[in-house]
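The entries follow the order in which I looked things up.

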Amino acid sequence: MSQPTTRALPTIGLEWHLIGRPRGWPTPADFALREAALARPGPGQALVHNLYFSVDPYMRRRMDHVESYVPPFRLDHPMDGGAIGVVLASEADGLTVGDHVRHGLGWREYAVVDAQTVTVLDPTAAPLSAHLGVLGNTGLTAYAGLLRLAGVKPGEVVFVSGAAGAVGSTAGQIAKLMGAARVIGSAGSDEKTKLLVGEFGFDAAINYRTGPIVEQLRHAAPDGIDVYFDNVGGDHLEAAIDSLNSHGRVVLCGMSAQYNDTAAATAPRNLLLAINKRLRLEGMIVSDHLDLREQFVREAVSWIREDKLRYRETVVAGMEHGVDAFLGMLRGENTGKMVVRLDA
Ligand code: NAP
């Protein structure tokens, strides 16, 4: 079972620690890049050299000391999250030196992983980083939200916020693949709105920084919307409630506009309309839908091959730029999935 290796195994690796709980927007002073001694893998474990790790909006919530569906990061401990790496040494059945794996111990150069927590990837199916984005949890989030929660029907009008991001860019395209007649997206720059229409096939796009969303959405959807895929919350959710038709559905996926707020949200102010219109607003957590992963990946791989599903990634190179990538993603510097590539 123990796998011989042709080179000496590393004994020290770099890892990012949270060293202070941010109030409002995080700053680089809340984090430290530290060296740590590496343990040898025990029975059922493998030592992985990380090649990519993911930076995601939900990680901001984990920096606060609050109970959520994932525990808060511990101060002065390595942060974690999605990562892809290559096995350097294995004491586990089913994991071989050289295997490419996805696992949950990101934000560090090397990880000792339990074999039952990793997924072995086929490196020829797609670029490895795609397994953190379009073929990973953000893609599955879009798919499960539209399929299970919204139940998009042919001919419907769908509005997606955060539409140039990882979840949003996939959600808009999958809504079209499910037969939506019109898909409208919102994003934070003209460059992104052009991409939504030109690259991702949205029918209309709104730059939420150039005017009130409520008016822009009424203009883009004169006959109303049937489904709102919410990545942003706040004013966007208020505008969607305003434009939703009777029996409309809202997938409450994320609230990026609020993660750094220090005061309570002031919108939506029009929830009463949800009663009049018989709306359904439903929160989702992707981990409740892991049973869909195999079906989703199979469909997504063929959509990508047929050029029916496109994706972008913003890749930041260098372990030392991990926090810059995370803060940049919160500011909207990413198009599609933001990932950190560790230099070999
Ligand atoms: P992402 O959209 O790729 O990146 C975050 C984006 O948020 C930025 O690119 C930025 O785009 C936008 N943003 C930041 N501040 C904003 C503001 N004040 N108003 C509007 N947009 C703002 O991230 P993602 O990974 O795809 O996640 C999207 C959402 O889905 C997040 O809310 C996340 O928490 C949620 N999510 C939920 C689940 C789940 O299981 N429920 C799983 C994955 C993700 P602009 O340039 O357009 O502002």
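**Entry 1. Basis.** I worked from a predicted model, in which local features need pLDDT of at least 70 and side-chain atom pairs count only at pLDDT 80 or more, while totals for chains, interfaces and linings use all residues. Residues are numbered from 1 along each chain as its sequence is written, and side-chain values use heavy atoms, with hydrogens and water left out. I took helices (H or I, at least four residues) and strands (E, at least two) as DSSP runs, numbered from the N terminus.

**Entry 2. The sheet.** I looked up the strand order and found an open sheet of six strands, S10-S9-S8-S11-S12-S13, with parallel pairing. I noted that S10 (204-207) and S13 (280-283) are the edge strands, each with a single partner, so one side of each has no neighbour in the sheet. Neighbouring strands are turned by 15 degrees against each other on average, direction ignored. Pairing here requires at least two DSSP bridges between two strands.

**Entry 3. Strand S8.** I then examined S8 (residues 157-160), where Val-157 and Phe-159 point one way and Val-158 and Val-160 the other. All of them are buried, that is, under 20% relative accessible area with a 1.4 Å probe, protein chains only. S8 runs parallel to S9 (residues 182-187), and four bridges join them. In S9, Val-183 is the bridge partner of Val-158, and Gly-185 that of Val-160.

**Entry 4. Helices on the sheet.** I found H3 (residues 166-177) packed on the sheet, touching S8, S9 and S11 (225-230), its direction at about 175 degrees to that of S8. H6 lies across S8, S9, S11, S12 (244-252) and S13, and runs at about 155 degrees to S12. Axes are lines fitted to C-alpha atoms, for helices over the stretch in contact, with angles from 0 to 180 degrees between N-to-C directions; contact means heavy atoms within 4.5 Å.

**Entry 5. H2 and H3.** The axes of H2 (residues 137-150) and H3 come within 8 Å and cross at roughly 45 degrees. I recorded Thr-138, Ala-142 and Leu-146 among the H2 residues that meet H3, where the partners include Val-167, Ala-171 and Ile-174.

**Entry 6. H5 and H6.** For H5 (residues 213-220) and H6 (residues 234-243), I noted axes that come within 9 Å and cross at roughly 40 degrees. In H5, Ile-213, Val-214, Leu-217 and Arg-218 meet H6 residues including Asp-235, His-236 and Ala-239.

Technical notes
Buried means under 20% relative accessible area, exposed over 50%, partly exposed in between (1.4 Å probe, protein chains only).
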